[in-house]
Amino acid sequence: MKYIVCNSEQAVFNRVYDELEKFIEAGAVFSFSEKILGSQFEKRIVDEHINGKYNYNHVIFIGQKEFLNMDKEEDFGLYRLMRKNLYKPLEVDYKNIFSPEYQKEEDIYLYKEILKENPIDVAILFIDKAGYILNYNRVTEENSDVHIYELSSYEKNNLIEKYGFKLNSDKVVAMGYDNIMSARNIFLIAIGSDKKEYVANIFEENEDKSPISLLKNHKNLTIFVDKDAGYKSEEEVNKLIKEKQRKKKELVEQMKVEKYIAKEDE
């Protein structure tokens, strides 16, 4: 786990991009939340591509969610929003863009297969003001894998106001918690004082079924916060992380010794 505290929202998105640069190469698989649109991250990734620094022709992008009964080529949904503002400026080969959809039952199966065949190198996620990641604040059997959920009135109105969507359905198909946890690297972003308590949950000892609390078990989690959302200072938290890693290592070694002794006693 890595914890990065920045002085401002713009600085957060700059650091997210700095970290992503380590993984930009042909064949990489990325999954970005639409919430990166309009940010300093979007500006830098597009500007540096235009300036010739990186080529995304052979990079794969996997969408995290989409509205039901959406014709991706005709209707204005999350896929077309990302395509217009990110994939097209990056000149991504459209055959390398995969987005969930649901017009018939087999579409979910196809999306699950895409996730299995294209392990995600970096997934960028956000904590929202209710403490949700994607659409959930509790991990259940239903949302552990690709699933359908119904938009709350708040979510629906926010999406309509922010992006001007004309929705054919109040439901969304999204990747699940296990799909996220299978990503090789997770970048988790929290901006604003209303996220502070949720960031704290990652480092407190409480164990619950919230995605935020469970994410700390991921071996390559990087948390980006602005100073308002920060749990403690970067130095304090990184000391805490190292101490927990040391205790975990000691426990593993102890279990190995106990297993060896038990085997010798047989």
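Predicted model: local features only at pLDDT ≥ 70, side-chain atom pairs only at ≥ 80, totals over all residues.
Two residues are in contact here when heavy atoms of theirs lie within 4.5 Å.

Glu42 is found in helix 2, which covers residues 40-50. Leaving aside residues up to four places away in sequence, Glu42 touches Ile36, Leu37, Asn85 and Leu86. What is the nearest side chain of opposite charge to Glu42? That is Lys162, 9.9 Å away. A salt bridge needs a side-chain nitrogen of Lys or Arg within 4 Å of a carboxyl oxygen, and Glu42, although buried, has none. A polar atom of the Glu42 side chain does, however, lie 2.3 Å from the backbone nitrogen of Gly38.

Leu86, one of the residues touched by Glu42, takes us to helix 3, residues 78-87. Is this helix mostly covered or uncovered? Mostly covered, with seven of its 10 residues buried. The buried set consists of Leu78, Tyr79, Leu81, Met82, Arg83, Leu86 and Tyr87. Together, these buried residues pack against two helices, helix 2 and helix 5 (153-163). They also pack against strand 2 (29-32), strand 3 (60-62), strand 4 (65-67) and strand 5 (97-98).

Our last stop is strand 7, made up of residues 147-150. Its covered face carries His147 and Tyr149, while Ile148 and Glu150 are on the uncovered one. Strand 7 runs antiparallel to strand 8 (residues 171-174), and four bridges join the two. Which residue of strand 8 stands opposite Ile148? Look for Val173 there.

How values were computed. Residues numbered from 1 in each chain as written. Heavy atoms only, no water. Buried < 20%, exposed > 50% of the residue type's maximum accessible area, 1.4 Å probe, protein only. Lys, Arg positive; Asp, Glu negative; His and termini not counted. Polar contact = N/O pair within 3.5 Å; in protein donor to acceptor, adjacent residues only side chain to side chain. Pairing = 2+ DSSP bridges.
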